[in-house]
Amino acid sequence: MESRLRVQGHPIQPMLVTFPFGLFVSAAVFDLADVAGGPAFLGEVGYWTAVAALVAAALATVAGMVDLWDVRAGRTSRTAITFNLVNAAMAALFLLTCLMRAHAPQRGATGVEVATELLALAVGAVGVWLGARLMRQFDRGRAAEPTGFEALRDIPGATVEIIRPKA
């Protein structure tokens, strides 16, 4: 399967997925610090970080749906659909906590909301595992790209000589 959305030959969706997950983790950390007795502004920061994560998750979901369009039925298709559903479930749990906090004066988190966010992160961890599995399934048929100094070998005019150590 080749992704329709690519930048410099690399699929966009795996790059986009990292943003919402990282922002969701950050939001949960801010909210946990707020509930643990930190300054009140941490709850506000956690709320807005979760909102930014929801926007990023929407963009990643759109890219994932475009890529899903070309996946043939079978194991890879089931993994891709499950991956997108798991990520949507994580985002839905964070959306729930954001909606519960939307009208609060300082948008601080409660213990129940932090517990919901931690549950969402556990669901998201399953999504990370599925995403890694999906990437392995997509890469099985392709030769691995060179990394590190080996990538310089194919650049015309490169002045780097690669000498392997003797065994």
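These legends describe close-up views of a predicted model. Local features need pLDDT of at least 70, side-chain atom pairs count only at pLDDT 80 or more, and totals for chains, interfaces and linings use all residues. Residues are numbered from 1 along each chain as its sequence is written, and side-chain values use heavy atoms, with hydrogens and water left out.

**Figure 1. The protein chain has 4 helices and 2 strands.** Helices (H or I, at least four residues) and strands (E, at least two) are DSSP runs, numbered from the N terminus. Their order along the sequence is β-β-α-α-α-α. Of 167 residues, 32% count as buried (under 20% relative accessible area, 1.4 Å probe, protein chains only).

Figure 2. Arg101 counts as buried because its relative accessibility is 1%. Leaving aside residues up to four places away in sequence, Arg101 touches Asp31, Gly43, Gly46, Tyr47, Arg107, Gly108, Ala109, Glu113 and Glu117; contact means heavy atoms within 4.5 Å.

**Figure 3. Salt bridge between Arg101 and Asp31.** A salt bridge is a side-chain nitrogen of Lys or Arg within 4 Å of a carboxyl oxygen of Asp or Glu. The closest N and O atoms of Arg101 and Asp31 are 2.7 Å apart. Asp31 belongs to helix H1 (residues 12-35), and the pair links distant parts of the chain, 70 residues apart. Asp31 is buried, as is Arg101.

**Figure 4. Salt bridge between Arg101 and Glu117.** Here the closest N and O atoms are 3.3 Å apart. Glu117 lies in helix H4 (residues 111-139) and Arg101 in helix H3, so the pair ties together parts 16 residues apart in sequence. Both residues, Arg101 and Glu117, are buried.

**Figure 5. Asp31, Arg101 and Glu117 form a network of salt bridges.** The count by this rule is 2 salt bridges.

Conventions: Buried < 20%, exposed > 50% of the residue type's maximum accessible area, 1.4 Å probe, protein only.
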